[in-house]
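Subject: Structure for your review

Dear colleague,

Please find the structure below, together with its sequence. My notes on it follow.

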Amino acid sequence: MKWMEAPVTEPEMIENRTFDEIEVGDTASLSHTLSQRDIQLFALASGDVNPAHLDPDYAATDMFHRVIAHGLWGGGLISAVLGTELPGPGTIYLGQDLRFKHPVLLGDTITASVTVTGKRAEHHVLTLDCQCTNQNGEVVISGEATVKAPTEKVRRPRTALPDVRLYDHSGYKRLIEATSGREKVPTAIAHPCSPAAIMAACEAVEAGLIEPILVGPESRIRAAAEEAGADISSFRIEHAPHSHAAAAACVDLVRRGEAQLLMKGSLHTDELMGAVVRRETGLRTERRISHVYLMDVPGHPTPLLITDAAINIAPTLEEKADIIRNAVDLAHVIGIEQPRVAILSAVETVNPAIPSTLDAAALCKMADRGQITGALLDGPLAFDNAISTAAAKDKGIVSDVAGKAEILIVPNLESGNMIAKQLTFLGGADAAGIVLGARVPIILTSRADSLRTRIASCAVATLLAHAGTKAAPGLPAEPA
């Protein structure tokens, strides 16, 4: 058998024109259509974050009433013509003057052209007229360049540029914007005795999300605020002697109706959750308590809800049903009317040797029978089949969920935690977290969380509180 050889593709070459080859009147040009990505990349490289280029709300009030390109973005196109076309590789910039005549708008196709207007044999100097015009023929930039032209011929493969991904986390931005204009939600913060915990509270207040009640040793709270340089003079403080007492006091504030959210400070998660799940005095409902990561993954078109990766170690079938219900309730609150739920395993077929595939099949049948509502369920699905339409197609999976999942139900805490951490540390994702199934949403923040993630976690909780959602609608206030 003879293997077929793949056709050899010649690399695209880049070639200069030497000083002796160039004549007055020679010209060259290139065109590019301005995109939002171009503006972001230029801002990233230059550090110029002028809101006229990056903030549509601000730009709407500026003189042009819309986002415009940085002036030197068009100048960069002129540089590209000089460096790649005329004269090309080996060109040395000596001088450039530019006049900016019209703004460059998103979607404009700009043609940069240079024309040789003079040659000086001494030092092989060229002068070139430079212009950038838009698709309507309007001159947006004009000027003159002075360069030293190469004297030796250069012909080399054109360098392939790296694939650059921009992580703008617009999903979280929209989430936070959804809380705009709403009243701040009274929030009991358990044991905020570190600068990080105080700053998390202050950031949420500044974002207009919460009305904090700081619960813990008052002297330590004030010392942490002083260390953080934060003004907490307007915050309500409820003294509690230690972290366990602070957790219990926060729960009591919720039970008395004085707080509608619960937020972790600088105590251990199990201390806070121990007070929450206490049968007689806690915040339990008939719904299983679970944690959801709301992940903003760069390049992925929709948010990913991953559950449970923080509380339920090895959930039973019944507990997984509640975990799904909690996540579906959250999806509804953030605007996903009928979320697609993928029940994950290592394979996409039912295998009695893999218990998670049996659970997946049973959960899907429960949805068919109306025991789980408000969403489309499918499983078992491997992770790739759940989020990639191409992977699902390759496996021949016909499903309304495969490749388009918005909620990922993991087999156990270990697998969920690994998926979330891999997306965060290798994929550049942000992971806002919320605990559901108690009488009120619970915000679990970490010192490792970015400001954006902490604010997003508070925004999710605030939306739930305003929606009157306790992740267990219709359930009695007291545990059964």
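Two strands are taken to pair if DSSP finds at least two bridges between them. Helices (H or I, at least four residues) and strands (E, at least two) are DSSP runs, numbered from the N terminus. This is a predicted model, in which local features need pLDDT of at least 70 and side-chain atom pairs count only at pLDDT 80 or more, while totals for chains, interfaces and linings use all residues. Residues are numbered from 1 along each chain as its sequence is written, and side-chain values use heavy atoms, with hydrogens and water left out.

The open sheet

Strand β5 (residues 125-133) is joined to strand β6 (residues 139-148) by nine bridges, and the two run antiparallel. Within this pair, V125 has K148 of β6 as its bridge partner. Both strands belong to an open sheet of five, ordered β2-β4-β5-β6-β3, with antiparallel pairing. The edges are taken by β2 (27-33) and β3 (92-100); each has a single partner strand, so one side of each is left without a neighbour in the sheet. On average, neighbouring strands of the sheet are turned by 20 degrees against each other, direction ignored.

Helix α4 (residues 71-84) lies across β2, β3, β4 (109-120), β5 and β6, and runs at about 145 degrees to β3. Such angles run from 0 to 180 degrees between N-to-C directions, with axes fitted as lines to C-alpha atoms, for helices over the stretch in contact. Contact means heavy atoms within 4.5 Å.

In the loop between β4 and β5 is H124, which has a positive phi of about 55 degrees although it is not a glycine. H124 counts as partly exposed because its relative accessibility is 29%; the classes are buried under 20% relative accessible area, exposed over 50%, and partly exposed in between (1.4 Å probe, protein chains only).

In β12 (residues 290-296), seven of the seven residues are buried. S290, V292, L294 and D296 lie on one side of β12, and H291, Y293 and M295 on the other. H291 has a relative accessibility of 3% and therefore counts as buried. Beyond its neighbours within four places in sequence, H291 is in contact with residues including I306, D308, G433, V435 and L444.

β12 pairs with β17 in the antiparallel sense over seven bridges, with A432 of β17 as the bridge partner of L294.

Helix α6 (residues 195-206) and helix α7 (residues 218-228) pack at about 80 degrees, with their axes 8 Å apart. They are therefore roughly perpendicular to each other, a class that spans 65 to 115 degrees, where under 35 is roughly parallel, over 145 roughly antiparallel and the rest oblique. P195, I198 and M199 of α6 make the contact with I221, A224, A225, E227 and A228 of α7.

In α9 (residues 269-277), E271, L272, M273, A275 and V276 are buried. Their cover includes β8 (185-190), α8 (243-255), β11 (261-264), β17 (430-436) and β18 (442-443). A247 lies in α8 and counts as buried because its relative accessibility is 1%. Leaving out residues up to four places away in sequence, A247 touches A190, L267, E271, L272 and A275.

Backbone and side-chain details

Which bonds are cis? One joins T307 and D308, with omega about -5 degrees; another runs from G379 to P380, with omega near 5 degrees. D308 is in the loop between β13 and α10 (317-333), whereas P380 is in strand β15 (residues 376-381). H191 has a positive phi near 55 degrees and is found in the loop between β8 and α6.

The charged end of K119 sits over the ring of F19, 4.3 Å from its centre; this requires NZ of Lys or CZ of Arg within 6 Å of the ring centre and within 35 degrees of the ring normal.

Yours sincerely
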